[in-house]
Amino acid sequence: MVKLLVDNIEVEVDEGKNLLQACLDNDIYIPNLCYIDGINRVSASCRLCFVDIEGVDQPVTSCTVRVEEGMVVKTDTPPVRRLQRTALQLLLSVHVVDCGHCPANKKCELQRIARFLKIGLKPKRLEQFLKEPGIDTDHPFLDYYPNRCVLCGRCVHVCRNSRERSFLAFARRGFDTIISFYGENEAPDLSCGDCFACVEICPVGALVPKEKEVP
Amino acid sequence: MDTDIVAEDQAILDDIALRLSDFGRERGNLIPILQMIQQRHAYLSPGSIKMVAEYLEIPTCEVYGVATFYNQFRFHPPGKHHIKVCLGTACHVKGGDIILENFERKLGIKDGETTPDKEFSMERVACVGCCALAPVVVVDEDVNGHVAPSKVEGIVLGFQIEKERQEREKQENESG
């Protein structure tokens, strides 16, 4: 066990534990989207979990840090908040804000983090940039909404873990990046109908089970 | 016509199947294999992507993900005439995106696609090295400078007239 000081609160955690997980376990909330508990190689792609650590020049992503004895961590310094707000605004600039029609409304991580960081869901300083088409209906059991997706990669991870191979993957690059089912939606033994792990782990409402057609 | 296309696809797949044995089944060989297919057949067909996925035992969607990440891979067969619209800095400033849009509307295809009659294929490129002529379009080997929307019409019309002339000559030869 090691002791560390987070926001002037002393916490005791297992040695070598992930700093983000250690804080979350001790009820100290740090915004995060792409982190998955128990994963060996974190992607650190959402850029939301920044913290300041004493002795380190600049804020660092807490999901890539292992706890050490005597670490002094601050989760709410102005540089940290500035980075987090910018990262969230960048995510929101490619997000269609239509919460009233979104199944994730009120349980959406983006809403929660925006409230936590005290920023609006429609940041004015960035131009909105949406993908075409706004929905992918190729999958027999799922619908995918690229303009809701935050590209955290949780669905790809959970699919690979629960099914031995992934039926989802990232495709394309940059602003065009999407989650794709390419070639997998035709598989005759596709068992997505009994799984939906990807829908469950999605922090927003990007993956939605298809509504059953009324016979 | 349809049977021709099926036969063509099959020929491509047969060729790839022959060459795959040159590669080991490690994940690391994915890009070299895709490059080999692109080099021999100029594009990655859905069938060939599936075949590579089965050979390396990687999910098809992952192979597609890797292939779409890189600009060097194409997913449509090249047309008879290949149009490259430059969107480098100078051409961008001079409205290269408008020219691209003009071609897209005129041919009814998007960047990276091929017309259904396989006459034209189009892609956007970044700088062809003659920025003084911006905006630039390279059709097959010909460089067209200072392209305006009217010139786009002219380029496409030129090929259509040429094609009609050839067909007429062919008919005349057959009948005569």
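This is a predicted model: local features need pLDDT of at least 70, side-chain atom pairs count only at pLDDT 80 or more; totals for chains, interfaces and linings use all residues.
Let me begin with a term: by contact, or touching, I mean heavy atoms within 4.5 Å.

Leaving aside residues up to four places away in sequence, Ile179(A) touches Tyr144(A), Cys149(A), Cys155(A), Val156(A), Leu168(A), Ala169(A) and Phe170(A). Is Ile179(A) buried or exposed? Its relative accessible area is 1%, and because the cut-off for buried is under 20%, Ile179(A) counts as buried.

Let me turn now to the place where the two chains meet. The contact draws 16 residues from chain A and 12 residues from chain B, and the area buried between the two chains is about 1,100 Å², with carbon and sulfur atoms giving 57% of that area. On the side of chain B, Cys61(B), Tyr64(B) and Phe69(B) together supply 46% of what chain B buries against chain A, which is more than any other three residues supply.

As for the polar side of this contact, there are five residue pairs in polar contact between chain B and chain A, counting pairs in which both residues are at pLDDT 80 or more. The count of salt bridges between the two chains is one, and in it the side chain of Glu62(B) meets that of Arg160(A), at 3.9 Å from N to O. Which elements of chain B give two or more residues to the side that touches chain A? They are α3, residues 46-56, and α4, residues 60-69, and of the elements of chain B it is α4(B) that gives the most, with seven residues.

Finally, a word on chain B itself, for which the domain assignment gives domain 1 as 2-69 and domain 2 as 76-149, with the C-alpha centres of the two domains lying 27 Å apart. Helix α2 of chain B, residues 30-41, has 12 residues and reaches 16 Å from its first C-alpha to its last, close to the 16 Å expected. Buried residues in α2(B) are Leu30(B), Ile33(B), Leu34(B), Met36(B), Ile37(B), Gln38(B) and His41(B), and the helix is followed by Ala42(B), whose phi is positive, near 70 degrees.

Technical notes: Residues are numbered from 1 along each chain as its sequence is written. Chains are lettered from A and ligands numbered from 1 in the order in which they are written. Side-chain values use heavy atoms; hydrogens and water are left out. Helices (H or I, at least four residues) and strands (E, at least two) are DSSP runs, numbered from the N terminus. The expected span of a helix is 1.5 Å times one less than its number of residues. Buried means under 20% relative accessible area, exposed over 50%, partly exposed in between (1.4 Å probe, protein chains only). Domain bounds come from an automatic or database domain assignment. Buried area is the accessible area (1.4 Å probe) that two parts lose on being put together, summed over both. A salt bridge is a side-chain nitrogen of Lys or Arg within 4 Å of a carboxyl oxygen of Asp or Glu. A polar contact is a pair of N or O atoms within 3.5 Å; within protein, one must be able to donate a hydrogen and the other to accept it, and residues adjacent in sequence count only if both atoms are side-chain atoms.
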